[in-house]
Amino acid sequence: MRFTTIITTTATLLLLGAILFSCEDPIEVPSDFEEPQLVVDAWLENTNTPQTIILSETVDYFAGGQPNTITTATIQVCKNDGATCYDFVHTSDGRYVWQPAADETLGSVGDNFALSIELDDVIYTGQALLRRTTRLDSIGFVFEEETILFEEGFAAEAYAFDLPGRGDTYWMKTYKNDTLLNRASELTIAFDATFDAGADVDGTYFIPPLRRGANPFDDDGAFIPYQLGDRVRVEVHSISQEAFQFLSIATEQILNEGLFAVPLANSPSNIVNTTTGERILGIFNVAEVATLERKLE
């Protein structure tokens, strides 16, 4: 009887395995993608460096592949109701560049900018105010003992001071040995001196988690310590609250996975198709930049 039971149980498992194996057919996920849409990447600075706007087209999320670049547009950025205009000329791969003269920048805090893109007889426009940035006081290094979550080594802390007055928003970029830390887990944005508008914090140093935004992480989200001789450069860019929302939602979407993942959604834009009145994909921002660099010695 016992031998018969074993045979019967084994046969059942084999049958169940065959059923499961036969169900491993590919599943095609329906997509609402119909035709490519214009995407505008217009993050500009008031620094004496070449300024770049990138134009591309969307691709079907489920099809994969690289987006097509746009090379035939006419782009101009004007400030203060057209008092001064800058032509962005296509160079390669959808990149349109304005090259400043010696000691020239796009403008100063308080200047208003208008973006105009003409493509296939359609005009797209966006508006941006050059807002003030924070004050960067220092970059410190703290030695961390090994834990379950962290490898032993040095962590950087960037001491940025939010200026008094509610509603300042920032993007803190960190470069390790001239390489931008650009993983989604390494993106650090701040509302005043904290994470969002809900906290009553203003006119003080960034809270500790934001200070630690100057550290690299690997693909699994694990902290990568700095080594002796490493150089750290921190830039704090002023951004509009629209740009803050754009980056916040984009980060959530990139890191969107697991049991509690939410449906895919586009980040909000401040660029409009003047023919239809619809907002397209992308963002236009002109930033003041505070910069500080330190070498670990």
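Predicted model: local features only at pLDDT ≥ 70, side-chain atom pairs only at ≥ 80, totals over all residues.
Good morning. A search of the whole structure finds ten aromatic pairs; here the rings of Phe, Tyr and Trp, the last by its six-membered ring, pair if their centres lie within 6.5 Å, and planes under 30 degrees apart count as stacked, over 60 as edge-to-face and the rest as tilted. Residues are numbered from 1 along each chain as its sequence is written, and side-chain values use heavy atoms, with hydrogens and water left out.

Let me stay with the aromatic rings. F141 and Y226 form an edge-to-face pair, 6.0 Å centre to centre with 75° between the planes. F141 lies in strand β8 and Y226 in the loop between α2 and β13, so this pair ties together parts that are 85 residues apart in sequence. Helices (H or I, at least four residues) and strands (E, at least two) are DSSP runs, numbered from the N terminus. F141 is buried at 17% relative accessibility, and Y226 is buried at 1%. By buried I mean under 20% relative accessible area, by exposed over 50%, and by partly exposed in between, using a 1.4 Å probe and protein chains only.

F191 and F244 form another edge-to-face pair, with 5.7 Å between centres and 85° between planes. Here F191 belongs to strand β12 (residues 188-191) and F244 to helix α3, so parts 53 residues apart in sequence are tied together. F191 is buried at 9%, as is F244 at 5%.

I turn to the nonpolar cores. A nonpolar core is a set of buried Ala, Val, Leu, Ile, Met, Phe, Trp, Tyr and Cys residues joined through side-chain atoms within 4.5 Å. In soluble globular proteins, nonpolar side chains tend to be buried together. Which residues have the most contacts inside the largest core? In that core of 27 residues, they are V40, I53, L55, I75, F88, L115 and F284. Strands that each supply at least two residues of this core include β1 (38-45), β4 (84-92), β6 (112-119) and β15 (281-287). Apart from it lies another core, of 20 residues, among them L136, F141, A160 and F206.

Leaving aside neighbours within four places in sequence, F284 is in contact (heavy atoms within 4.5 Å) with residues including A42, L44, V77, F113, L115 and I271.

Next come the charged residues. Side chains of opposite charge can pair when their charged atoms come close. A salt bridge is a side-chain nitrogen of Lys or Arg within 4 Å of a carboxyl oxygen of Asp or Glu, and by this rule the count comes to twelve. One of them joins R212 to E144, with the closest N and O atoms 2.7 Å apart. R212 sits in the loop between α2 (208-211) and β13 (231-239), and E144 in strand β8 (residues 135-144), 68 residues apart. R212 is partly exposed at 28%, and E144 is partly exposed at 23%.

R212 also meets E157 in a salt bridge, 2.8 Å from N to O. Since E157 lies in strand β9, that pair ties together parts that are 55 residues apart in sequence. Is E157 buried or exposed? E157 is buried, at 12% relative accessibility.

R233 forms a salt bridge with E235, at 3.4 Å between the closest N and O atoms. Both residues belong to a salt-bridge network that links D178, R231, R233, E235 and E293. R233 is buried at 19%, and E235 is buried at 11%. R233 lies over the face of Y175 as well, at 4.0 Å from the ring centre. For such a charge over a ring, NZ of Lys or CZ of Arg must be within 6 Å of the ring centre and within 35 degrees of the ring normal. The charged end of R135 likewise sits over the ring of F161, 4.6 Å from its centre.

I close with two loop residues. D168 lies in the loop between β9 (153-161) and β10 (169-176), and is buried at 6%. Its contacts beyond four places in sequence include R131, R132, A190 and F191. P100, in the loop between β5 and β6, is buried at 7%, and touches N48, T49 and P50, again leaving aside neighbours within four places in sequence.
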